Amino acid sequence: MTVSVKICGLTRTEDMQACAALGVRWVGLVFHLASPRFVKLEQAADLHAAIPVPNEGGPLRVGLFVKPTHEQIAETLRHVPLDILQLYTDEATALTLQARTGRPVWLARGISRTHDLPVSDALDGYVIEAPAQEGDTRPGGLGRIFDWTLTSGWQAPAPWLLAGGLTPENVADAVRTSQTRAVDVSSGVEERPGIKSALLIEKFVKNSQKGACTH
Ligand SMILES: O=C(O)c1ccccc1NCC(=O)[C@H](O)[C@H](O)COP(=O)(O)O
């Protein structure tokens with residue numbers, strides 16, 4: 001089994017190109033102003049254009065939005081033809097935005113117990129990560145892990161990615177323990193926020209496959 005990889009929070013052309021060259025399945029662009037990885041629309045359009053499109057073998061482009069309005073997403077899509085929307089919002093809003101944009105929507109969900117795991121199959125996917133804590137300035141990209149055994153044996157209602165605090169060192173164990181088929185990383189492959197390391201991305205992609213052998 002192959003484990004699919006998403007690299008999130010890209011801000012530089014060379015990092016987009018490294019992801020494409022290393023066979024990363026998804027690249028994430030953060031449209032949340034308070035993030036150190038925030039990209040403006042023109043910058044995002046340039047990043048989008050820097051790599052092959054998905055039907056020519058390039059990664060799918062995922063846009064991250066925190067409590068977005070339809071207007072914000074519509075304006076973003078006018079500049080950047082994103083393939084997938086990753087939303088930090090409630091499920092009802094996510095469903096509305098899925099219908100209004102016609103784009104696949106992944107809902108980010110922080111979990112601290114199995115009871116928190118999503119049950120609805122109406123969305124296109126989930127990003128499962130550690131729950132937000134009081135004082136957090138943003139809901140993701142914080143390098144925080146959660147108990148990976150919580151998803152072991154989960155009959156997920158839709159495709160999902162494991163996220164939060166993954167690194168080249170822990171990703172094989174994370175895949176093995178959580179039984180995920182897709183992983184999502186931002187800070188664990190960075191030199192500093194928004195600045196990725198091609199070497200760390202390469203190690204991450206390679207090591208993510210090592211946990212996949214046993215399930
Ligand atoms: O990266 C951010 O700054 C960010 C801001 C607002 C919402 C989400 C954000 N990032 C999400 C991600 O990068 C990933 O989906 C995930 O949380 C992994 O992050 P990390 O723990 O840094 O690997």
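This is a predicted model: local features need pLDDT of at least 70, side-chain atom pairs count only at pLDDT 80 or more; totals for chains, interfaces and linings use all residues.
**Ground rules.** I number residues from 1 along each chain as its sequence is written.

**Fold.** I looked up the secondary structure and found 6 helices and 10 strands, taken as DSSP runs numbered from the N terminus (helices are H or I, at least four residues; strands are E, at least two). The radius of gyration, taken over C-alpha atoms, is 16 Å, close to the 17 Å that the globule rule (2.2 Å times the number of residues to the power 0.38) gives for 215 residues, so the protein is as compact as a globular protein of that length. Along the principal axes, the C-alpha trace spans about 40 × 40 × 35 Å.

**Contacts.** I count two residues as in contact if their C-beta atoms, placed from the backbone, lie within 7 Å. Among contacts between residues at least 6 apart in sequence, 56% join residues at least 24 apart. Leaving aside neighbours within four places in sequence, Ile-128 is in contact with Arg-109, Ile-111, Thr-151, Trp-160, Leu-161, Leu-162 and Ala-163.

**Ligand shell.** I find 27 residues around the ligand, of which Ser-35, Gly-140, Gly-141, Ser-186 and Ser-187 come nearest; a residue is near if its C-beta atom, placed from the backbone, lies within 6 Å. Strands S2 (26-30), S3 (60-66), S6 (125-129) and S8 (182-185) each supply at least two residues of this shell.
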